[in-house]
Amino acid sequence: MSIQSKTTITLDFYKDAYKPKLLDYHLSEEQIRYAPVPFQALLQCEKDRTRHPIVILFNGVPAGFFVLHGWEGVKAYSDNEDAILIREYSVNSIYQGKGIAKESLLLLSSFVKTNFPSKNEIILAVNHKNTVAQHVYKSGGFIDKGKRVMGKKGELFIFHKII
């Protein structure tokens with residue numbers, strides 16, 4: 001007998017069809033300090049082709065968003081030219097608390113391997129004060145190896161996930 005979850009979390013590259021749901025995207029004031037709403041990040045993606053916007057789907061509906069950034073983003077945090085950076089990660093506040101963040105991060109390795117086969121590591125920078133995000137990233141398989149850098153909003157912890 002197979003067991004199937006009642007909910008399905010998937011990752012997909014941004015498409016215009018996702019725009020209406022991403023326009024109605026809300027984050028708490030605390031979360032906005034660390035991650036922009038998707039359309040602010042999409043503007044950066046349009047200017048920089050090394051940034052790839054990704055949508056987190058919950059039962060086919062856009063529930064979260066992040067950007068995978070190539071070497072131009074990675075080099076500030078790592079010497080690994082075969083790494084990719086995850087940035088601007090968020091889950092719409094109406095979908096938080098459903099395990100979407102953890103599940104999306106667990107799916108991330110296979111998504112990157114499929115779509116960016118030359119990459120062997122995923123890295124991210126998380127603000128030292130953003131303890132909720134640190135916990136989520138760790139539960140999604142990221143490891144804090146102790147590397148620290150200063151960002152615009154304070155000290156950043158650099159997390160790694162080998163794929």
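Let me begin with a term: a residue is called buried when its relative accessible area is under 20%, exposed when that area is over 50%, and partly exposed in between, using a 1.4 Å probe and protein chains only. What we have here is a predicted model, in which local features need pLDDT of at least 70 and side-chain atom pairs count only at pLDDT 80 or more, while totals for chains, interfaces and linings use all residues. Residues are numbered from 1 along each chain as its sequence is written, and side-chain values use heavy atoms, with hydrogens and water left out.

Glutamate 88 belongs to strand 4, where strands (E, at least two residues) and helices (H or I, at least four) are DSSP runs numbered from the N terminus. Its phi is positive, about 55 degrees, although glutamate 88 is not a glycine. Most residues other than glycine have a negative phi.

Asparagine 59 likewise has a positive phi of about 55 degrees without being a glycine, but asparagine 59 is partly exposed, with a relative accessible area of 44%. Asparagine 59 sits in the loop between strand 2 and strand 3, a hairpin with two residues between the strands.

That brings me to strand 3, residues 61–69, which is largely enclosed by the rest of the structure, because eight of its nine residues are buried. Strand 3 pairs with strand 2 (residues 51–58) in the antiparallel sense over eight bridges, pairing being assigned if DSSP finds at least two bridges between two strands. Within that pair, histidine 52 stands opposite leucine 68. Strand 3 also pairs with strand 4, residues 83–91, in the antiparallel sense over five bridges, and there valine 67 stands opposite arginine 87.

What gives the most to the lining of the largest pocket? Strand 4 does, with seven residues. A pocket, on a 1 Å grid over the protein atoms alone, is an open set of points where a 1.4 Å probe fits, with protein on both sides within 12 Å along at least five of seven lines, and lining residues have an atom within 4 Å of a point. About 1,100 Å³ of space lies in this one, the volume being the space filled by probe spheres set on the points, which are joined across faces, edges and corners. Of its 38 lining residues, the closest to the centre are Tyr34, Ala35, Tyr89, Asn130 and Tyr137.

Finally, lysine 152, in the loop between strand 6 (143–151) and strand 7 (154–162), is exposed, with a relative accessible area of 90%.
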